[in-house]
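Welcome to this short briefing. Please take a look at the structure below, and then we can go through a ligand site and some helix packing together.

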Amino acid sequence: MLEARTLSGLREACAALRAGGRGLGLVPTMGALHAGHAALIAAARDAGVAAAASIFVNPLQFAPDEDLARYPRDEAADLHRLAQAGCDLAWLPDAATMYPPGSATYVEVAGPALRWEGERRPGHFRGVASVVARLFGQVRPDLACFGEKDWQQLQVVRRMVQDLHLPVRIIGVPTLREPDGLALSSRNRFLSPAERRTAPLLSAVLAEAAAALARGEPVDPMLDLAGARLGAAGFAVEYLALVDGTGLEPAATPEPGARLIAAARLGPVRLIDNVGVCAKEEGQGLRPLDPRWGRAPDPFT
Ligand code: AMP
């Protein structure tokens, strides 16, 4: 695996990878890597391109009340994991490379960024869009992979790419989960053993609600019931909503592409998750989508 820490090193590495005529895929990350990130690298390689992963803890996407200093960092372990996952290039810019003095251009996405995470984490999506735009300019990838785990982020990036005519294909990768359904996340390590036992209820409740909605049960009572179950188990629910899958507007009915999204705190840890609700196939009406439970083999072990 190649490593680059400077823009000139990056240019050289990208040229070397492209020399064989292969395209280049980018997987943006903030480190603290787990098997979910490896699935993104696998998706890039499956698309037939060399895979580059960036590790950059982006200060711009932390809201004022969020602790940048507490974000887990272990570069040696991350590099080992990237190499094991089959990554071809690790791009490790520092803050001065990403935001040099005089840097003055930021990307503000409205539409899908306005509600939910955007409302609760002021500046978050401006930070995400601004760093992803810079990464695309630096690496100039043919495609980039983002996790469905962060559904709203995926739609924000798609919107930005479409609006700015950026020449990059965005691939959304299904959420990788623990066997009990908990979505893999760098934050899971902060759960106490008791919280860790409770945490899978979030995905279970979402999956059950999605199945009920696909059966035609009414939306609002179903959302109320799901929220009450989580509350009773000790979650502080921030939002639990049925939305259209691209614009993230609240949806009154589970139309094709609809998504159930949720954010809830469990002790000190804020968890987010989402599931697809239904897909309309000709002649079949609504049917539950495979929420892709289960875990792919962990390439790190
Ligand atoms: P992060 O480093 O947490 O900012 O995440 C980097 C990328 O990994 C984002 O595109 C996330 O959506 C994706 N990701 C995080 N967790 C998972 C997961 N459990 N399954 C799939 N992708 C994930």
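A residue counts as near a molecule if one of its heavy atoms lies within 4 Å of it. With that in mind, this predicted model has 17 residues around the ligand.

**Around the ligand**

- Met30, Gly147, Asp150, Leu176 and Leu184 come nearest to the ligand among the 17 residues around it.
- Met30 also brings a polar backbone atom to 2.9 Å from an oxygen atom of the ligand.
- Leu184 uses its backbone too: one of its N or O atoms is 2.9 Å from a nitrogen atom of the ligand.
- For His37, it is a polar side-chain atom that lies 3.2 Å from an oxygen atom of the ligand.

**Helices α6 and α7**

- Helix α6 spans residues 124-139 and helix α7 spans residues 151-163; their axes are 10 Å apart and the packing angle is about 55 degrees.
- That angle makes α6 oblique to α7.
- The two helices, α6 and α7, cross with right-handed geometry.
- On the α6 side, Phe125, Val128, Ala129, Val132, Ala133 and Phe136 meet Gln152, Gln153, Val156, Val157, Met160 and Val161 of α7.
- Sorted by class, this contact of α6 with α7 holds 10 nonpolar and 2 polar residues, with no charged ones.

**Helices α9 and α10**

- Helix α9 (residues 201-214) and helix α10 (residues 219-232) have axes that come within 10 Å and cross at roughly 165 degrees.
- Angles over 145 degrees count as roughly antiparallel, and α9 and α10 are therefore roughly antiparallel to each other.
- The crossing of α9 and α10 is right-handed.
- From α9, the contact draws on Leu201, Leu202, Val205, Glu208, Ala209, Ala212 and Leu213, while α10 supplies Val219, Met222, Ala226, Arg229 and Leu230.
- This contact of α9 with α10 comprises 10 nonpolar and 2 charged residues, and no polar ones.

Definitions and conventions:
Residues numbered from 1 in each chain as written. Predicted model: local features only at pLDDT ≥ 70, side-chain atom pairs only at ≥ 80, totals over all residues. Heavy atoms only, no water. Axes fitted to C-alpha atoms, helices over the stretch in contact; angles between N-to-C directions. Helix = DSSP H or I, 4+ residues; strand = E, 2+ residues; numbered from the N terminus. Parallel < 35°, antiparallel > 145°, perpendicular 65-115°, else oblique. Left-handed = near helix turned anticlockwise from the far one by under 90°. Contact = heavy atoms within 4.5 Å. Nonpolar A, V, L, I, M, F, W, Y, C, P; charged D, E, K, R; others polar. Polar contact = N/O pair within 3.5 Å; in protein donor to acceptor, adjacent residues only side chain to side chain.
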